[in-house]
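Please keep the structure in view while reading.

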Protein chains: 4
Amino acid sequence: MAQNTFGHIFSLTTFGESHGRAIGGIIDGCPAGLEIDEAFVQHELDRRRPGQSTLTSPRREEDNVEFLSGIFEGKSTGAPIGFMIFNKDQQPEDYSAFADIYRPSHADFTWEQKFGLRDYRGGGRSSSRETASWVAAGAVAKLILQKDNIGIQAFVDQVGTVTLDKNYHLLDLGKTEKSPVRCPDPETSKKMERLILGLKEKGDTIGGSVQCVITGMPAGIGEPVFGKLHAELGKAMLSINAVKGFEYGSGFRAASMKGSEHNDIFKKEAGKIVTATNFSGGIQGGISNGQDIYFRVAFKPVATLMTEQETIDNEGKSAKITGKGRHDVCVVPRAVPIVEAMAAMVIADYLLLAKVSRL
Amino acid sequence: MAQNTFGHIFSLTTFGESHGRAIGGIIDGCPAGLEIDEAFVQHELDRRRPGQSTLTSPRREEDNVEFLSGIFEGKSTGAPIGFMIFNKDQQPEDYSAFADIYRPSHADFTWEQKFGLRDYRGGGRSSSRETASWVAAGAVAKLILQKDNIGIQAFVDQVGTVTLDKNYHLLDLGKTEKSPVRCPDPETSKKMERLILGLKEKGDTIGGSVQCVITGMPAGIGEPVFGKLHAELGKAMLSINAVKGFEYGSGFRAASMKGSEHNDIFKKEAGKIVTATNFSGGIQGGISNGQDIYFRVAFKPVATLMTEQETIDNEGKSAKITGKGRHDVCVVPRAVPIVEAMAAMVIADYLLLAKVSRL
Amino acid sequence: MAQNTFGHIFSLTTFGESHGRAIGGIIDGCPAGLEIDEAFVQHELDRRRPGQSTLTSPRREEDNVEFLSGIFEGKSTGAPIGFMIFNKDQQPEDYSAFADIYRPSHADFTWEQKFGLRDYRGGGRSSSRETASWVAAGAVAKLILQKDNIGIQAFVDQVGTVTLDKNYHLLDLGKTEKSPVRCPDPETSKKMERLILGLKEKGDTIGGSVQCVITGMPAGIGEPVFGKLHAELGKAMLSINAVKGFEYGSGFRAASMKGSEHNDIFKKEAGKIVTATNFSGGIQGGISNGQDIYFRVAFKPVATLMTEQETIDNEGKSAKITGKGRHDVCVVPRAVPIVEAMAAMVIADYLLLAKVSRL
Amino acid sequence: MAQNTFGHIFSLTTFGESHGRAIGGIIDGCPAGLEIDEAFVQHELDRRRPGQSTLTSPRREEDNVEFLSGIFEGKSTGAPIGFMIFNKDQQPEDYSAFADIYRPSHADFTWEQKFGLRDYRGGGRSSSRETASWVAAGAVAKLILQKDNIGIQAFVDQVGTVTLDKNYHLLDLGKTEKSPVRCPDPETSKKMERLILGLKEKGDTIGGSVQCVITGMPAGIGEPVFGKLHAELGKAMLSINAVKGFEYGSGFRAASMKGSEHNDIFKKEAGKIVTATNFSGGIQGGISNGQDIYFRVAFKPVATLMTEQETIDNEGKSAKITGKGRHDVCVVPRAVPIVEAMAAMVIADYLLLAKVSRL
């Protein structure tokens, strides 16, 4: 049930609010014997951290992860891995003005409707600060995948109307981290940067999308009928703050295609069964077929604007609101490691599940 | 864990293959005291059944649902509701030729990779016949929603390149069931029919998409951070055979929008807090805000073609395959009740979960 | 959540009432490739069936299990295994008199308190008829265990004041099935039979206890801290109708023992680490240590008496009640296969869970 | 799945080892709006703490609980409640000698068999230090129960051969906390103390048992058929370190009773349906009937002895071991608050589950 737990065997349970003392989580089901490279985990967190460039929020959260259990002499023991990230840069005074006001397109109103009260400091539990814990756990999941040479690479393929229309095969994904917007195509990256900086000046924000490619997948991973691999990936992505859509393989484009165009013909190549095309996105009937898995995730524009907006307070009276503090203009650059982390957790979990499919 | 169970409190566990003796399921967690209108359940199944028009598969499965438990004197007792749908029209001889061959873009290869063997008769467990059980359980869920005046209406908004671009507010959704393709706009419906019939003659197939609107939702329903309402709806939809994408509210369009355009301004209207626009799709931070929920689901073209295709057999040798039997050209007309059923199960489950949010 | 599902990977979900049309269930997570010996499953059901001797209820339920899915060419496919047992001998007229009356020490009152209504025919869902489905699923679990040479043998070690005080090592458990009370010691068995027959004449009933031994267990099976092997076995046993207590290894006797007596000293024997004594009951810290697992389960006397009892009706008025129909004097002989079945499901489930403990 | 999570709606997930930096947990599903009395939680932890008297371990762990999330302005917000207890008194040098040795009747051998490696410091994750987190979460659960006037009181009724044979109705349970062994009968308490102190001198240990009474229960709480209230209580108790047995109501005594003695006759008293006797232990068919719930839990003697014992190391060679450090002679006095905490979590969870039984 637990609504703050993700995963079946490799699972993450999290706690924490934007402006509480700490956020953190418990990774349960990590197999014993895994070397935990804590520097790698910290590096992944650093990729998500605000303040990495002029494009992202200038907050300096630092986000140092501290492991508290489940690791002994550098290896996972099979016991749950508890970890914490202290909130060092809380500044709760920024938010006191929002105690009675519902910010447009935020979760203030809905959390209060659900629970009858809310922690109004910085969005409380609905803040995307929560995703720092996801990135930490995703980094541990990536360590599992590395043993099987499974790679996960996400990148930005759209910011507003600037889109990257090349197939990922034609891109050098090694360039993603060199781009401040995490778009591997240098020319498109420049356009995205300019768009973001222009909107920053106006106090406006912009949406975007992230594409993710999973390479090196073995065939046979997936749990139909209600745990299909793409359904779990979709749920994982839709759990990320600000996500509005998910598609894999041919995605929404499939709706306008004919079967004679869309079918992926099987063939044998170098002793391995492969498909000539990959509209399936590496998943057929909810189970991986050994081809690359790829999917796209759409993000809405950041709801906090630096311009004045109309809204109402909790008594229904009109009010005006202007964003304060430090907020991104566009979330997708920082969403890249989050998308990868959630994908890594799904794949690690499903690799483990696959161990019990057969006698 | 159970990969054949969907839902948390109101849950469905299913069994059955395309050509086994029966399919069916167990609904657990249906609250006691619900009047079970069996004729309504059967009516929903009839909406999904093949052979409803010249556009859908001519199979006559009948799909009579039989309830075996959990109902006493017309009411749910709180005990699990077991039900069965016997397979009356099995014709397994249609499929024996496919025992060693992997049909392109079907799940033959992947199920065999996962389990080491497969029931090759009509796709076995990967057949969309399975969704009959989902529709039966979804009908029971709808009975719960009816008590709260929550309505769920899906309709076809795209078949191939024929799209219905009107906002659902401008459509008369009462016309959906009168259209053989389940498109409520008569003119667009005609175009879709023609497209489908043209492809049928050629032995080809086509994709499409389904839109779904949920009205009458109370605010406060959803289970963040890992059980967000739209994430669960997304998982539900991505579980349906042939689905390639899911978006809610502004969806993928949000990626190209500015915050100043996209934010839904709160206002008070007739004593109720509402939003001026609804790009949020009725869900903010994973919790319903009381506005309509709406989402779109993309379906790929049917993989079984009536023309010859190249493929390979389980030894990797080249083979040719031509679809036999009775298959739809386009799944979206029959997908409409399936989309509604899965949505109904999610909402019923989440209404129950909301009962435990507060003291 | 599902309260009618047992198990994590190898799981059983059941439905059905005493006097409905059928009972049955869905086994999910049975690994693919297992040969399903249906005759063996039926044989296990026959062991539980009423009417096996003059000591057990004379009902002839037959209890023919029919498998509906998940098996192809004699082997499990990895798909859920649906099965049904039709109720052939319903006779609902026996129970109509009990519609408004709460039978003492039955679940009539409590089910009505929970659900607001109840199926009063033969105890409805609270009837021990339900356990037929457990025995069917347990038989499938036993087929998994047989591959690993794990054996499960239960037997009656107490009926009323007649107790079997020998250590199980001193008994010939092969004689259990030859005894009408399923007590492997012929002399004690005779005493138990006489006690039961004497009470039958008086219309009274009697309690008893069952002991169960699991041999051939590998070390390393168990899921602490909240899925300890003995805790799961305990939960499984306490789920069986009429069970009042569970103890494993030294059990309640441990409360009066000293550490210097109770500790099981490790030693190496024939290259294997074993313990000199086995007060631990084969489980230490919730994980099997490779020694025999053994436990005891206490059953209360059957609540249905053939003599008149005082009670009240649902308006609180005094009433008198006399058992009708066909009821056991003592449940433990027929409980033996149920205890084994539940134990088998736990062990099969936990063997699968152990596959994901390490990299 | 998660083996380190307990509960369905009100759930606890824990992490931590005996000698790691901290232990702690996440309470998920605590309803919003509950006043969290942190002093009460600390008080419950103090009851479990070592070093309370000369009878218990002289360690001074302090066990200060720190809440990190899920509480705002003194009330639960519905968000997960993260908490930590730092290990202040680690002294890991005590345990280095045990790295290669399997202590008799501890979990060293079995954890290593399961996971392939182990954290040998103080038993690692298998240490009963873990139960401090359970007591913290149980205290929060008790706050929920207090709103419904449900009381939970445990006490020691056996230490070795010294037993308290009075029915709990005849005891003044208010005296429990005044007894150093937590036995409410002063005379028996004295005998137990003397027994423990005598064994302490000899370096030996002793078993015991705890009885627990739950008062004020409403009827209708329980989740048959696989979530029966007593089965969940049994699992909870069997999860506690050193527990060997569980019985409720008449328990093992029921095995020797006749139905005519054991049946609890219903009657109406002051407008409420009650039973004349309570052999059922307040639970019938897995659902509470409104009478007191009572059960007993048997604990084995502490495995760490202060005298020399034979054992083997991880290469199978003979070794000798003598307990060092600070260990209890008998766990039951400190087990009392642990038993209460686990019972409180079960009842709080099941009260919430009962909210969704009916429309």
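## Salt bridges and chain contacts

K320(A) has a relative accessible area of 46%, which makes K320(A) partly exposed; the term covers values between buried, under 20% relative accessible area, and exposed, over 50%, with a 1.4 Å probe and protein chains only. This is a predicted model, in which local features need pLDDT of at least 70 and side-chain atom pairs count only at pLDDT 80 or more, while totals for chains, interfaces and linings use all residues. Residues are numbered from 1 along each chain as its sequence is written, chains are lettered from A and ligands numbered from 1 in the order in which they are written, and side-chain values use heavy atoms, with hydrogens and water left out.

The partner of K320(A) is E310(A), and the two form a salt bridge, that is, a side-chain nitrogen of Lys or Arg within 4 Å of a carboxyl oxygen of Asp or Glu. This pair links distant parts of the chain, with K320(A) in strand 19 (residues 318-322) and E310(A) in strand 18 (residues 308-313) of chain A, ten residues apart. Helices (H or I, at least four residues) and strands (E, at least two) are DSSP runs, numbered from the N terminus. E310(A) is also partly exposed, at a relative accessible area of 39%.

Over all chains, a search of the whole structure finds 96 salt bridges.

| Salt bridge | N to O distance |
|---|---|
| K320(A) and E310(A) | 2.3 Å |
| D108(B) and R103(B) | 2.8 Å |
| E66(C) and R21(B) | 2.6 Å |
| E232(B) and K235(A) | 3.4 Å |

Are the two residues of the pair D108(B) and R103(B) buried or exposed? D108(B) counts as buried at 4% relative accessibility, and R103(B) is buried with a relative accessible area of 8%. Elsewhere, salt bridges that share partners join E44(A), R47(A), K142(A), E177(A), R182(A) and E340(A) into one network.

The salt bridge of E232(B) with K235(A) is listed above. The pair crosses between chains, from helix 5 (residues 229-238) of chain B to helix 5 (residues 229-238) of chain A. Both E232(B) and K235(A) are buried.

### How the copies are related

Two copies of a chain are related by a rotation about an axis and a shift along it. The same surface serves both, since 100% of the contact residues of chain B recur in chain A. Contact here means heavy atoms within 4.5 Å.

Chain C can likewise be laid on chain B by a turn of 180° and a shift of 0.0 Å along the axis, with an RMSD of 0.0 Å. Here, too, the same surface serves both copies, as 100% of the contact residues of chain C recur in chain B.

### Where chain C meets chain B

How many residues does each of the two chains give to the contact? Chain C gives 40 residues, and chain B gives 40 residues. Together they bury about 3,300 Å², 65% of it on carbon and sulfur atoms. Buried area is the accessible area (1.4 Å probe) that two parts lose on being put together, summed over both.

Two salt bridges are found across this interface. One salt bridge between chain C and chain B joins the side chains of E66(C) and R21(B). On the side of chain C that touches chain B, strand 2 (11-15), strand 3 (22-28), strand 6 (75-76) and strand 7 (81-86) each supply at least two residues.

### A residue in chain D

K228(D) lies in the loop between strand 11 (208-215) and helix 5 (229-238) of chain D. K228(D) is buried, with a relative accessible area of 6%. Not counting residues up to four places away in sequence, K228(D) touches residues of chain C, including L238(C) and N241(C), and residues of chain D, including E223(D) and Y350(D).

Conventions
Copies are superposed by least squares on the C-alpha atoms of residues with pLDDT of at least 70 in both.
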